[in-house]
Amino acid sequence: MINLMIRRKNFKWPVTFPHVDSVGKGMPLANTTLTPNYVLRSLIAQWCEANGIEPPKRPGIPRTSKATSASTPAERTKIESLLLKLTSTNPEDQRSAAGEIRLLTKRNADNRIVIAEADTIPLLVDLLAVPDSRIQEYAVTALLNLSICEINKGCIVSAGAIPGIVQVLKKGSMEARENAAATLFSLSVVDENKVMIGASGAITPLVVLLSEGIQRGKKDAATAHFNLCIFQGNKRKAVRAGIVPTLMRLLTEPGGGMVDEALAILAILASHSDGKIAIGAADAVPVFAILHMRSNVVPHYSK
């Protein structure tokens, strides 16, 4: 039996495996080091890029009549009432309606389809530009929830949401900025959206959130950056926006809560010439060496 003890600063995780064998051959594994999921995704993306293969996509959810029929007449009446409030010139009505839609789309997967089919998305996109910060926050959060449904991603992009989401990412409240970053990540699952989001000016405010945000905001910005930087053109934009120095700070900040994410993004940037230059200029090798020593993954053999 092998008992693995992983330590990183204050992080301690014992993992015990009764049999550490190759699934295919049943032989003992030569290397039992655990690879973080972010790093594994980075390696897969780089291999696909190097071999001219499209990265694997998440399976889509087909549209079915079941989701539409799941809503009752009373629920449809309620949604119609909320739509009227969204179009109101009264900020209180807009705020309450956007807040209610945010909750409805959070709780129920069927609601995400029913509400989208009621042509709610263009109305929410319009609310991204209003001066009321709370309405902006509710609207972008509702769009985030709606984007969880695969069939809604195209509707959100077609409604012209990306520029509004980027504007909220730049100037919204901290929670709105976090949810804007998470929405961009969700939309960037579709490959063609990676290009559109990168061209919309999203990279720089994502770097700012990665630097200035609280832990949740940094996580949202990191996942968005990782997905966007799978597209080669976005790597240059990220490097020019100053992402490498920000990532180096995350590698050395107390607590180390962003180490895996920072390493994964650096790994994918390193496949671009600008990324290699920026990483070299940041004197990254000593930091990588220290992290390697601190990871301290040591197998202990016992009977």
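This report walks through a predicted model of one protein chain, from its overall make-up down to a few single residues.

Some ground rules come before the tour. Residues are numbered from 1 along each chain as its sequence is written. Because the model is predicted, local features need pLDDT of at least 70 and side-chain atom pairs count only at pLDDT 80 or more, while totals for chains, interfaces and linings use all residues, and side-chain values use heavy atoms, with hydrogens and water left out.

## The whole chain

Let's start with the big picture. The chain has 18 helices and three strands. Here helices (H or I, at least four residues) and strands (E, at least two) are DSSP runs, numbered from the N terminus. Of the 303 residues in the chain, 45% are buried. Buried means under 20% relative accessible area, exposed means over 50%, and partly exposed is in between, using a 1.4 Å probe and protein chains only.

Contacts are worth a look too, where contact means heavy atoms within 4.5 Å. Among the chain's contacts with a separation of 6 or more, 67% are between residues 24 or more positions apart.

## The nonpolar core

In soluble globular proteins, nonpolar side chains tend to be buried together. A nonpolar core is a set of buried Ala, Val, Leu, Ile, Met, Phe, Trp, Tyr and Cys residues joined through side-chain atoms within 4.5 Å. The largest one in this chain has 73 residues, and those with the most contacts inside it are Leu86, Ile243, Leu247 and Leu269. Take leucine 247: leaving aside its neighbours within four places in sequence, it is in contact with Leu210, Ala262, Ile265, Leu266 and Leu269.

## How helices pack

Axes are lines fitted to C-alpha atoms, for helices over the stretch in contact, and angles run from 0 to 180 degrees between N-to-C directions.

| Helix pair | Angle | Axes apart |
|---|---|---|
| Helix 10 (residues 174-187) and helix 13 (residues 215-228) | about 25° | 8 Å |
| Helix 3 (residues 73-86) and helix 4 (residues 91-107) | about 140° | 8 Å |
| Helix 4 and helix 7 (residues 133-147) | about 25° | 8 Å |

What do these angles tell you? Angles under 35 degrees count as roughly parallel, over 145 as roughly antiparallel, 65 to 115 as roughly perpendicular and the rest as oblique. Helix 3 is therefore oblique to helix 4. Helix 10 and helix 13 are roughly parallel to each other, and helix 4 and helix 7 are roughly parallel as well.

As for handedness, a crossing is left-handed if the near helix is turned anticlockwise from the far one by less than a right angle, and right-handed if clockwise. The crossing of helix 3 and helix 4 is left-handed. Left-handed is also the word for helix 10 with helix 13, and for helix 4 with helix 7.

Now for who touches whom. The contact of helix 10 with helix 13 has five nonpolar, four polar and four charged residues.

## Some single residues

Alanine 221 touches Ala181, Leu206, Leu209 and Leu210, not counting residues up to four places away in sequence. Alanine 221 and alanine 182 are 39 residues apart in sequence, and their C-alpha atoms are 7.2 Å apart in space.

Asparagine 152 sits in helix 8 (residues 150-158) and counts as buried, at 2% relative accessibility. Leaving out residues up to four places away in sequence, asparagine 152 touches Arg112, Ile113, Ala116, Ile121 and Leu146.

Histidine 272 is in the loop between helix 16 (259-269) and helix 17 (273-281). With a relative accessible area of 4%, histidine 272 is buried. The C-alpha atoms of histidine 272 and arginine 236 are separated by 7.5 Å, though the two are 36 residues apart along the chain.

Finally, aspartate 119 is in the loop between helix 5 (109-117) and helix 6 (121-127). Aspartate 119 counts as exposed, at 55% relative accessibility. Most residues other than glycine have a negative phi. For aspartate 119, phi is near 65°, a positive value.

Notes: Ala, Val, Leu, Ile, Met, Phe, Trp, Tyr, Cys and Pro count as nonpolar, Asp, Glu, Lys and Arg as charged, and the others, Gly among them, as polar.
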